[in-house]
Amino acid sequence: MLRPMLLAATMITAFPALAADDPVPGLMKAADVPGLAIAVIRNGKVTSVKAYGYRDTEKKLPLTTDTVMYAASLTKAAFAYAVMGLVDDKRLALDASIANDLPKPLPEYPKYSDLAGDERWKKLTPALLLSHRSGFPNFRFWPPGKDYDADAKLAFYQEPGATYGYSGEGINLLQFVIENGKGVDVDTLMQQRLFKPFGMTRTGMTWRDDFADNNTVGYGPDGKAIPHKRRETARAAGSMDTTIHDYANLLAAMVRGEGLSRTAYATWLKPVVRIRSVQQFPTMGTPDSTDNDSISLGYAMGVGTFNSPRGPAFFKGGHDDGTNNVFVCLEKSRDCVLIMSNSSHAESIFPALIANTLGKTCFPWYWEGYVPYDQPGMKNQPVVPNAHPACPRGDG
């Protein structure tokens with residue numbers, strides 16, 4: 001069995017490697033991952049894209065580099081990049097109150113009527129929403145410390161701007177502001193700013209009929225099949241369908257800074273908040289930790305940031321039932337790895353694959369909740385602050 005720490009010491013240069021040396025099939029088998037795709041970017045260029053396993057295990061249909069997969073929260077990073085184009089065009093001010101952009105007060109819209117009487121919504125800005133400092137929970141139906149509640153009301157659980165707290169609710173609010181205040185359709189924005197310029201021909205914010213011939217079945221924690229959702233509404237927080245090929249093209253453009261001015265690109269990647277929560281989820285209420293102080297873990301405009309042994313790095317994960325995705329990029333060398341899978345087990349091999357492809361990065365895997373496949377005893381255990389430094393001596 002290949003262990004993550006051994007992989008870090010035997011780094012290969014790019015996928016696909018020679019079959020005998022390729023660690024991916026062995027890792028997939030060890031972690032019970034039915035399908036996985038991986039792309040490698042070197043110096044801002046896609047150098048390798050490869051798919052493994054099955055998109056549908058029952059029908060024995062192979063996963064290919066053109067298989068449509070659910071991007072999940074990788075959508076957020078793409079949306080943020082497109083939004084920075086609006087900033088470049090001076091159509092959106094990152095630090096201005098959203099009250100300046102909306103034709104009427106936010107609580108007067110039915111979707112946000114829960115905020116009536118709470119004037120703190122006026123403190124919200126595009127920058128706070130993109131960097132997850134809104135004070136909202138991830139989604140309103142997951143109030144902090146409680147189980148799913150379909151009737152839960154939207155509320156502030158932290159003061160806007162006070163600290164980091166991952167919130168898809170905040171990202172979707174920015175979409176609402178852009179569409180209702182700026183008259184910019186986000187689906188169209190993504191097409192014009194990203195999908196068309198970067199050759200993302202099999203990518204959409206909503207389901208397309210031409211995706212039907214080659215898309216993934218997801219496999220949850222119990223291994224049961226989850227049909228591919230056919231989303232009918234664009235949601236900036238996570239409705240994107242894409243392929244490993246398409247998103248690799250986008251990621252290469254991102255690490256090159258293509259499509260943005262130097263100023264906008266630098267703003268997109270500039271950390272604006274330090275993160276000291278022991279793990280990302282739950283989004284509020286976890287204890288603080290020093291685990292990631294040595295790498296200055298933080299968040300910028302839509303992506304996480306940290307200092308790797310090779311300089312600044314940025315990353316984003318994406319998770320849903322039957323979906324695990326992640327990318328990590330090193331800014332100076334413009335090297336990246338993108339991993340997408342149709343399995344809830346895949347994140348357990350992400351630390352090994354990241355180390356194997358990029359070398360020692362000090363990626364904050366414990367904060368992300370990526371418990372390695374060969375350490376199952378850590379799964380579903382209480383979080384332990386100050387016990388999992390991102391970059392212990394000799395580790396990757």
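At what angle do helix α3 (residues 74-88) and helix α7 (residues 244-256) pack, and how far apart are their axes? In this predicted model, local features require pLDDT of at least 70 and side-chain atom pairs pLDDT 80 or more, whereas totals for chains, interfaces and linings use all residues. Residues are numbered from 1 along each chain as its sequence is written, and side-chain values use heavy atoms, leaving out hydrogens and water.

Helices α3 and α7 pack at about 45°, with their axes 12 Å apart; axes are lines fitted to C-alpha atoms, for helices over the stretch in contact, and angles run from 0 to 180 degrees between N-to-C directions. Helices (H or I, at least four residues) and strands (E, at least two) are DSSP runs, numbered from the N terminus. The two helices are therefore oblique to each other (angles under 35 degrees count as roughly parallel, over 145 as roughly antiparallel, 65 to 115 as roughly perpendicular and the rest as oblique). In the contact (heavy atoms within 4.5 Å), L74, A77, A78 and Y81 of α3 meet Y247, L250, A253 and M254 of α7. The residues of this contact comprise 8 nonpolar, no polar and no charged (Ala, Val, Leu, Ile, Met, Phe, Trp, Tyr, Cys and Pro count as nonpolar, Asp, Glu, Lys and Arg as charged, and the others, Gly among them, as polar).

An open sheet is formed by 9 strands in the order β3-β2-β1-β13-β12-β11-β10-β9-β8, with antiparallel pairing (two strands pair if DSSP finds at least two bridges between them). Strands β3 (61-62) and β8 (273-274) stand at the edges, each with a single partner strand, so one side of each lacks a neighbour in the sheet. Strand β1 (residues 35-42) pairs with β13 (residues 335-341) over 6 bridges, and I38 has I339 in β13 as its bridge partner.
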